[in-house]
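Thanks for coming, everyone. Have the structure open while I speak.

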Amino acid sequence: MTELSRRGLMKGAAVTGGALALPAPAVATAAEAAAGAAPPPVHVTPHDPRYKGLISGSNQRWYGNPDYVRVVSSVDQVVTAVQEAVDKGLKIAVRSGGHCDEDFVANSEVRVVIDMAGLHTIEYDPAMRAIAVGPGALLGSVYRTLYKRWGVVLPGGTCPTVGAGGHIVGGGYGALSRSRGLTVDHLYAIELVHVDKDGRARKVVATREAGDPHRELWWAHTGAGGGNFGVITRYWLRSPKATGTDPAGLLPKPPAEVLLSDVSWSWDDLDETSFTRLLRNFNAWHERNSAPDSPGRYLFSQLKAMHKSAGYFRMSTTVDTSVPGAEKLLDDYLAAIGEGTGVTYHVNDRYRAPWLYAVTEWSGMVEPSVPRWKSKSAYVRKAMPDAQLKAVHRALTRSDYPGPYGMIALVGFGGKINEVASGDTATAQRDSFVKMLYCSLWTDPADDAVHDRWIRSSYQDVYAATGGVPRPGGVNDGCYINYADADLADPALNTSGVPWHQLYFKDNYPRLQRVKATWDPRDVFSHRLGIRLP
């Protein structure tokens with residue numbers, strides 16, 4: 001994630017005026033797909049030595065026991081795999097990069113896993129006048145290919161092993177999102193394999209074109225998260241105002257160079273007053289600098305406050321050096337964060353580097369992985385009150401929690417993200433200026449309960465005034481679906497009276513339900529945070 005990476009704790013057609021003359025959407029039945037010439041997919045059963053490596057993702061808390069795993073490499077193979085599972089009454093789940101926080105793929109109810117690893121191509125599609133990306137492509141590959149072939153970028157997260165499949169559809173964000181928007185703000189079309197009311201697997205293309213009869217299906221894929229309507233087999237990317245047929249002009253340009261900064265504070269130097277002032281300063285700077293046209297939108301920062309037992313915590317920042325006065329922007333920012341705290345930070349990194357290095361290699365963003373974790377999230381749209389700030393301090397200084405890899409992070413948001421209206425995409429949170437990530441990471445399965453208890457109780461404490469959740473519309477604005485937290489759908493753990501879908505989708509949820517009823521009327525694709533039929 002920077003989408004702040006949960007990995008990041010272990011180190012401390014005819015064109016006129018931009019309109020596309022669309023071909024008729026491609027639709028095929030399973031029988032038609034089977035008649036094609038695609039080679040058979042890889043079929044892995046429990047007796048195959050590869051099986052154990054394919055029944056879990058990056059979070060090693062979760063292992064499934066599916067009847068088989070299909071590793072597909074074409075849309076027709078997906079159609080066939082879905083049809084076979086539906087005919088047999090077997091529950092389906094889909095995996096692209098495997099970074100799901102929860103057990104939506106790796107659980108006992110899932111009998112068939114469709115692994116998208118073979119659908120990883122990244123190519124220009126002249127018929128769609130867009131860059132086509134397979135859901136099995138990992139973000140690191142997406143960035144390198146876009147950069148090296150066409151000199152463009154998708155403003156997504158900086159964990160290079162995250163799959164495009166789940167990241168984009170959840171409204172992915174990252175270090176360039178404040179200046180260039182969310183991933184879904186550049187999504188032109190999707191190809192989807194769904195199951196109709198008669199139980200037939202079909203493939204369909206949906207675009208953002210106003211005249212497309214399937215436009216609502218495109219809209220639902222701009223922030224609803226994965227696993228809701230079918231199997232995404234291809235994304236087409238093109239920015240809304242892009243014109244022409246040159247792929248080098250269809251997506252934003254990345255910075256040629258970025259100014260990197262990593263600083264740290266010692267917990268020995270901080271008390272409640274200085275720590276909460278630090279957090280207050282971070283929020284205040286982002287509130288002042290998060291208008292869509294703010295010069296500050298070219299600075300992206302994440303304050304990763306780790307548990308006191310770690311001894312220190314860090315703040316990693318990047319600045320687009322194409323902006324005049326980039327060095328001063330960083331200096332002024334660092335001064336604003338430290339103002340009135342009475343403590344100084346240690347400078348770990350400060351240097352200029354190519355953007356591609358920063359997004360795929362720099363330790364301030366990309367760090368070693370950890371096998372087990374639990375995450376929660378919140379949006380911040382108004383200054384956090386003292387009660388919340390003090391609760392964050394309590395969580396990070398608790399003596400009954402061993403740490404050290406418990407973290408509450410504040411991550412810069414807003415800017416161009418907030419230029420889009422709440423209903424224009426399924427991503428409803430469009431007036432926040434900070435996103436928060438609560439995360440606990442560990443290695444020993446025997447410690448699962450300890451870490452779950454810490455993160456759950458800490459989260460409830462921070463949001464005690466709103467029922468233990470970041471209720472939308474006030475100081476906070478709900479949660480981020482790509483940081484999936486199944487606790488919110490458990491009435492034993494979410495006693496706030498605010499339903500999980502209001503926290504994630506706000507007023508967009510009924511519209512998402514209507515799309516669900518149209519494109520997945522048999523509820524073939526479901527999980528604990530999935531869109532429910534109306």
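Start with the second largest cavity. Its lining divides into 12 nonpolar, three polar and four charged residues. Keep in mind that this is a predicted model. The volume of this second largest cavity is about 110 Å³. It is lined by 19 residues, and closest to its centre are Ala175, Leu176, Val258, Thr318 and Trp355.

Now the largest cavity. Its volume is about 820 Å³. Its lining has 47 residues, and the closest to the centre are Val94, Ser96, Cys100, Gly166 and Gly226. Strand S5 (92-95), helix H5 (164-169) and strand S11 (231-237) each give two or more residues to this lining. S5 has the largest share, with four residues. By class, the lining of the largest cavity counts 20 nonpolar, 21 polar and six charged residues.

S5 takes us to the next topic. It pairs with S6 in the parallel sense, over four bridges. Arginine 95 has aspartate 115 of S6 as its bridge partner. On to strand S4, residues 68-71: S4 and S6 also pair in the parallel sense, over four bridges. There, valine 71 stands opposite aspartate 115 in S6.

So, last item: is S6, residues 112-115, covered on one face or both? Both. Val112 and Ile114 are buried on one side, Val113 and Asp115 on the other.

That's the tour. Questions, please.

Terms used
Residues numbered from 1 in each chain as written. Predicted model: local features only at pLDDT ≥ 70, side-chain atom pairs only at ≥ 80, totals over all residues. Heavy atoms only, no water. 1 Å grid on protein atoms, 1.4 Å probe; cavity = no way out; pocket = protein on both sides within 12 Å on 5 of 7 lines; lining within 4 Å. Points joined across faces, edges and corners; volume = space filled by probe spheres on them. Nonpolar A, V, L, I, M, F, W, Y, C, P; charged D, E, K, R; others polar. Buried < 20%, exposed > 50% of the residue type's maximum accessible area, 1.4 Å probe, protein only. Pairing = 2+ DSSP bridges.
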